[in-house]
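Hello,

Here is the structure I promised to pass on. My notes follow below it.

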Amino acid sequence: MKRDLVFLVTLISLAFLSLLRSGYPQHIAEESCSVQILVPGLKGEAGVKGEKGAPGRPGRVGPPGEKGEMGDKGQKGSIGRHGKIGPIGSKGEKGDSGDIGPPGPNGDPGIPCECSQLRKAIGEMDIQVAQLTTELKFIKNALPSPAAVAGVRETDNKIYLLVKEEKRYKEAQLYCHGRGGTLSMPKDETANNLIASYINQAGLTRVFIGINDLEKEGNFVYSDRSPMQTFNKWRSGEPNNAYDEEDCVEMVASGGWNDVACHITMYFVCEFDKENV
């Protein structure tokens, strides 16, 4: 087959050359050296398979798949911060007075003597003994353990007890309230200085006092809900409501005030009206 094809191509080439010589003899003679005949070659055999090309560009993102099933329920999270303490309840009404007891028997007649100065001294001692007896009874009734009291401080109208039992603000207020008093409310310089000296003499650095802004942020009131007047002893930069949770007030040994979180525990000072003791 290949030989027949070569023979045919040769015949065609010779016929083409005869035609050129008969039609253009001069031109062919002049340029016989420049004539080239291009004959297509035979089809070659298949080459070796090339190497694998580089990966193509990423295709387009396919459509979103169907919604998966709901996963398992997660574990319970940690406990959040304490919420704000609720407002303190109102003071209850004073109870009725008891019945008057029967009169006691008459005493024996005294012995006449000239002892006016002695009687005066005895009378003053009787008054002091009565005061001490009243204070002792008050401490026994007000507190579960006398060791928890750092002495007693008095003014003309008030009695102050420094309770050395650490409690949260609300617990301290309920503690004082349940015994007929309230957390101490220093409404003037005299009362503030008395409580500050009380703290120093007890060897303490700070105590809760009856001032808070639990009902309205920034509106500080006393524990009996009476509004604060012009007197205050805020320390420099206070109150600052740090971490947005300082709604109660402490007094430090210098007599200065500082707003603190109500859920911390510390010692506290109760205040009582003498007429109610």
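**Strand E6 and its surroundings**

E6 and strand E7 (residues 257-260) pair in the antiparallel sense over four bridges; strands are DSSP runs (E, at least two residues) numbered from the N terminus, and two strands pair if DSSP finds at least two bridges between them. This is a predicted model, where local features need pLDDT of at least 70 and side-chain atom pairs pLDDT 80 or more, while totals for chains, interfaces and linings use all residues. Residues are numbered from 1 along each chain as its sequence is written, and side-chain values use heavy atoms, without hydrogens and water.

Within that pairing, Cys248 has Val260 of E7 as its bridge partner. Four residues separate E6 and E7 in their hairpin, and Gly255 in the turn has a positive phi of about 100°. E6 also pairs with strand E4 (residues 206-212), again antiparallel, over five bridges; there Met251 is the bridge partner of Val207.

Five of the five residues of E6 (residues 248-252) are buried, meaning under 20% relative accessible area with a 1.4 Å probe, protein chains only. Cys248, Glu250 and Val252 point one way, Val249 and Met251 the other.

Searching the whole structure gives five aromatic pairs (Phe, Tyr or Trp ring centres within 6.5 Å, using the six-membered ring of Trp; planes under 30 degrees apart are stacked, over 60 edge-to-face, the rest tilted). Phe231 and Trp257 are edge-to-face, because their centres are 5.9 Å apart and their planes at 80°. Phe231 is in the loop between strand E5 (221-222) and E6, 26 residues from Trp257 in E7.

Best wishes

Notes:
Buried < 20%, exposed > 50% of the residue type's maximum accessible area, 1.4 Å probe, protein only.
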